[in-house]
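I opened my notebook and started looking things up, one item at a time. Here is what I wrote down.

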Amino acid sequence: MAARPARVTVVIAVGADARDAVAPTLAVLGREAIDATVTPLASLLAAPATAGVVVVTWGASAVGAAGFDAVAAWAHGVNPPAGLIAVVGDGDVTAAEQALRAGYDDAAGVGCSPRELAARIRAVHRRVVSER
């Protein structure tokens, strides 16, 4: 029996050129049985929150503290809250701290491998699903 794909939304918080940067990671997530879609941050925040989803904000330097707070508030609009992971610049401790302070479940550096990110997504997804 195939594993049920985790519902994952990858949020691109920078310009369209970031879609190219995230494309290799999306390919690996697909091979890891994770259903990933790309959604601009503004579109995500304009839609109602969805339970059981893990949101990965990509390009944390463009999101900033206010953006982390807005995504966390959006995620807590459902019960259980959507899972949140911030992908921040390698060594960007400030962005990681801002995300975690806002209510994110995890933060990873841009340099983490796509398979490591997939493992982090699964871990957060298990928590989100178990709270249902």
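What share of the contacts with a separation of 6 or more comes from residues 24 or more positions apart? I looked it up: such residues account for 71% of those contacts in the chain. Contact here means heavy atoms within 4.5 Å.

Before going on, I noted the ground rules. This is a predicted model, where local features need pLDDT of at least 70 and side-chain atom pairs count only at pLDDT 80 or more, while totals for chains, interfaces and linings use all residues. Residues are numbered from 1 along each chain as its sequence is written, and side-chain values use heavy atoms, with hydrogens and water left out.

**Entry: the layout.** I found 5 helices and 5 strands in the chain. Both are DSSP runs numbered from the N terminus: helices are H or I with at least four residues, strands are E with at least two. Reading from the N terminus, I get β-α-β-α-β-α-β-α-β-α.

Entry: The chain has 132 residues, and 44% of them count as buried. Buried means under 20% relative accessible area, exposed means over 50%, and partly exposed is in between (1.4 Å probe, protein chains only). I also noted an accessible surface of about 6,400 Å² for the chain, with 55% of it belonging to carbon and sulfur atoms. Those areas come from the Shrake-Rupley method with a 1.4 Å probe; for residues, only the protein chains shown count as cover.

**Entry: Thr-39.** I looked for this one in strand 2 (residues 34–40), and there it was. Is Thr-39 buried or exposed? Its relative accessible area is 18%, so Thr-39 is buried. Leaving out residues up to four places away in sequence, Thr-39 touches Thr-9, Val-10, Val-11, Ile-12 and Leu-44.

**Entry: helix 4.** Its span is residues 93–102, and its buried residues are Ala-95, Ala-96, Ala-99 and Ala-102. Down the helix axis they fall within an arc of 135°, so they line one face of helix 4. (The arc is that of the directions from the helix axis to the C-beta atoms.) A reminder to myself: an α-helix has 3.6 residues a turn, so residues three or four places apart point the same way. On the face turned away from the buried side of helix 4, I found the exposed residues Val-93 and Arg-101. Gly-103 follows helix 4, and its phi is positive, near 125°.
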